[in-house]
Amino acid sequence: MSILEITKLQKSYGEIEVLKQITFDVNKNDVIAVIGPSGSGKSTMLRSIVNLEKIDGGSIRVCGDHLVKDGIYAKPQEIKQITSKMGMVFQHFNLFPHLTVKENLELAPKMLKIEHAKVIQQRSADLLEKVGLSDRAAAYPSKLSGGQKQRVAIARALMMNPDIMLFDEPTSALDPELTGEVLKVMKQLAEEHMTMIVVTHEMGFAKEVANQVIFMDNGRIIESGHPTELFINPKLDRTKAFIERSF
Ligand code: ADP
Ligand code: MG
């Protein structure tokens, strides 16, 4: 089953075209690693998928519903419903600094008012346990390490029971000794069959966890394949050079 269908995604900032006819599908339980040099459009692509950026052309379909079809966006109410199926984790955590860990997790679901407070509280407790932070529920983000902040951000994104999780370089802002605890949570999610797109420089993680790797360069997907094939036997010289630099 297709969770995400991206077709001929096109986006420009002024004169500069940053996404050039990006097309790919994400099926249920896929873990897709997106790699590529800085400035190649990886963040813009993820941000467009979750509707933090508007695209200029192409289609984005989530669990069968079009967020955008041939450049035409769905109605606001439909957009809300469609984007609620996606959880996003950013490089710089984006936690609310004035809210505790528990409040960060519970804010969005409580605002939606479609579930009982008790149900929401139970889920936040379960998710904090899952990411190993039950004892930090009452802490403010400023009191947490980077690795802990990112684990809170992951738990928060999971609060809405998303059909797909998107990660934009989730460990790039972390001290090297803290990346492991975040990658471990992500690996566990993958093992529980969460559908994921992960923009990452962690080639070891991509190789071990992803079932597909997409290599982006200058606004295009120039090569993609299973990690064993793309990392060991890349077709293009550009891919090969990037991979040699990255491992
Ligand atoms: P990546 O995540 O692969 O490093 P980005 O998606 O951040 O790439 O950026 C792709 C290109 O778009 C870059 O050339 C970047 O300078 C440009 N860009 C990104 N965001 C903006 C913006 N808000 N305004 C103008 N240009 C932008
Ligand atoms: Mg980026």
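In which hand does H3 cross H4? In this predicted model, where local features need pLDDT of at least 70, side-chain atom pairs count only at pLDDT 80 or more, and totals for chains, interfaces and linings use all residues, H3 passes H4 in a right-handed crossing. Residues are numbered from 1 along each chain as its sequence is written, chains are lettered from A and ligands numbered from 1 in the order in which they are written, and side-chain values use heavy atoms, with hydrogens and water left out.

Helices (H or I, at least four residues) and strands (E, at least two) are DSSP runs numbered from the N terminus. Helix H3 (residues 101-112) packs with helix H4 (residues 117-130) at an angle of about 135°, the axes being 10 Å apart; axes are lines fitted to C-alpha atoms, for helices over the stretch in contact, and angles run from 0 to 180 degrees between N-to-C directions. The two helices H3 and H4 are therefore oblique to each other, given that angles under 35 degrees count as roughly parallel, over 145 as roughly antiparallel, 65 to 115 as roughly perpendicular and the rest as oblique. A crossing is right-handed if the near helix is turned clockwise from the far one by less than a right angle, and left-handed if anticlockwise. In contact (heavy atoms within 4.5 Å), Val101, Lys102, Leu105, Glu106, Pro109 and Lys110 of H3 meet Ala117, Ile120, Gln121, Arg123, Ser124, Leu127 and Leu128 of H4. By class, this contact of H3 with H4 has seven nonpolar, two polar and four charged residues, where Ala, Val, Leu, Ile, Met, Phe, Trp, Tyr, Cys and Pro count as nonpolar, Asp, Glu, Lys and Arg as charged, and the others, Gly among them, as polar. Within H3, Val101, Asn104, Leu105, Glu106 and Pro109 are buried (under 20% relative accessible area, with exposed over 50% and partly exposed in between; 1.4 Å probe, protein chains only), and the buried residues of H3 pack against H4 and H5. Just after H3, lysine 113 takes a positive phi of about 55°.

The axes of helix H5 (residues 146-158) and helix H6 (residues 176-191) come within 8 Å and cross at roughly 20°, which makes H5 roughly parallel to H6. The contact involves Gly146, Gly147, Gln148, Gln150, Arg151, Ile154 and Leu158 on H5, and Leu178, Glu181, Val182, Val185, Met186 and Leu189 on H6. Seven nonpolar, four polar and two charged residues make up the contact of H5 with H6, and the crossing of H5 and H6 is right-handed. In the loop between H5 and strand S8 (164-168) lies asparagine 161, whose phi is near 50°, a positive value in a residue other than glycine.

A search of the whole structure finds one aromatic pair. The ring centres of phenylalanine 215 and phenylalanine 242 are 5.2 Å apart and the planes stand at 40°, so the pair is tilted; rings of Phe, Tyr and Trp (its six-membered ring) pair if their centres lie within 6.5 Å, and planes under 30 degrees apart count as stacked, over 60 as edge-to-face and the rest as tilted. Phenylalanine 215 belongs to strand S10 (residues 212-217) and phenylalanine 242 to helix H9 (residues 237-246), 27 residues apart, and the pair thus links distant parts of the chain. Phenylalanine 215 is buried, with a relative accessible area of 1%, and phenylalanine 242 is buried with 6%.
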